[in-house]
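I opened my notebook to look through this one a piece at a time. Here is what I looked up, in the order I went.

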Amino acid sequence: MEKWFFINWQAIFIPSIGIFELIIRGSLVYLALFSVLRLLPSRQLGTLGITDLLVVVLFAEAAQNAMASNYTSITEGAILVGTVIFWSYLLNWLGYKIPQFQRFLNPPPLLLVKNGRMIERHLQRELITDDELMSKLRQQGVEFLADVKFAYMEADGRISIIMSDSKTASVSEQKVTLKSDLH
């Protein structure tokens, strides 16, 4: 019964792992996961499908052990969270200040349709079928592929559509999100 009310304050706040080791572990895991996610096709980043959620959960589980071994204190958790936030902020800040670095963080738009013709090698690179692309175009009111001047895959997995008809110039940057359907 005494254990119900006993609090081990030392275990709660005093790290059992060195602070610099936590920072190095957190930094290495964050940068490794960032690099892996940066190399995945853009369509996986546009929406969160079941497979994407599974990847995130498994990454989190694998990264937890790599970052902290067996940490138990709140301080260790706070240091790891602070390390992840630091790297996230630093990369975004660098992307804002250095345009060349922004291109590393976010890939440039990828042309999928030009003057009414699909660019097959770009669709294959992003694992987008012709039917998926046409479905997204129809959802935005595009009946014929010939009506599309340009369609770009944006860095966030969305598609920007620029219509060739001057009547639809006001809606030239419609955004549609691709559904992640990878296995």
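I began at Asn115, which lies in the loop between β1 (110–114) and β2 (117–118). A reminder to myself before going on: this is a predicted model. I looked up the backbone here and found that phi of Asn115 is near 50°, a positive value in a residue other than glycine. I noted it since most residues other than glycine have a negative phi. Is Asn115 buried or exposed? Its relative accessibility is 52%, so Asn115 counts as exposed.

Next I turned to Leu127, in the loop between α8 and α9 (130–139). Leu127 is not a glycine, and its phi is positive too, near 60°. Its relative accessibility comes to 43%, so I put Leu127 down as partly exposed.

While I was there I checked Arg125, which belongs to helix α8 (residues 120–125). Arg125 counts as exposed because its relative accessibility is 53%, and the cut-off for exposed is over 50%. I also took a distance: Arg125 and Leu110 are 15 residues apart along the chain, and their C-alpha atoms are separated by 9.9 Å.

**The whole chain**

I stepped back for an overview. The protein chain has nine helices and five strands. Along the sequence they run α-α-α-α-α-α-α-β-β-α-α-β-β-β. Of its 183 residues, 32% count as buried.

**Glu76 and helix α6**

Then I went to Glu76, which sits in helix α6 (residues 74–97). What is the relative accessibility of Glu76? It is 0%, so Glu76 counts as buried.

Besides Glu76, the buried residues in α6 are Gly77, Ile79, Leu80, Thr83, Trp87, Leu91 and Gly95.

**How α3 meets α6**

My last entry is on a helix pair. Two packed helices are described by the angle between their axes and the distance between the axes. How do α3 and α6 pack? Helix α3 (residues 19–39) and α6 pack at about 45°, with their axes 9 Å apart. That angle makes α3 oblique to α6. The crossing of α3 past α6 is right-handed.

I listed who touches whom. From α3 come Ile19, Leu22, Ile23, Gly26, Ser27, Tyr30, Leu31 and Phe34. They meet Glu76, Ile79, Leu80, Thr83, Val84, Trp87, Ser88 and Leu91 in α6. I sorted the residues of this contact by kind and got 11 nonpolar, four polar and one charged.

To finish, I checked α3 on its own. Helix α3 has 21 residues and spans 31 Å from first C-alpha to last, close to the 30 Å expected at 1.5 Å a residue. Its buried residues include Leu22, Gly26, Ser27 and Tyr30, which are also on the list of contacts with α6. Val29 is buried in α3 as well.

Methods. Residues are numbered from 1 along each chain as its sequence is written. This is a predicted model: local features need pLDDT of at least 70, side-chain atom pairs count only at pLDDT 80 or more; totals for chains, interfaces and linings use all residues. Side-chain values use heavy atoms; hydrogens and water are left out. Helices (H or I, at least four residues) and strands (E, at least two) are DSSP runs, numbered from the N terminus. Buried means under 20% relative accessible area, exposed over 50%, partly exposed in between (1.4 Å probe, protein chains only). Axes are lines fitted to C-alpha atoms, for helices over the stretch in contact, and angles run from 0 to 180 degrees between N-to-C directions. Angles under 35 degrees count as roughly parallel, over 145 as roughly antiparallel, 65 to 115 as roughly perpendicular and the rest as oblique. A crossing is left-handed if the near helix is turned anticlockwise from the far one by less than a right angle, and right-handed if clockwise. Contact means heavy atoms within 4.5 Å. Ala, Val, Leu, Ile, Met, Phe, Trp, Tyr, Cys and Pro count as nonpolar, Asp, Glu, Lys and Arg as charged, and the others, Gly among them, as polar. The expected span of a helix is 1.5 Å times one less than its number of residues.
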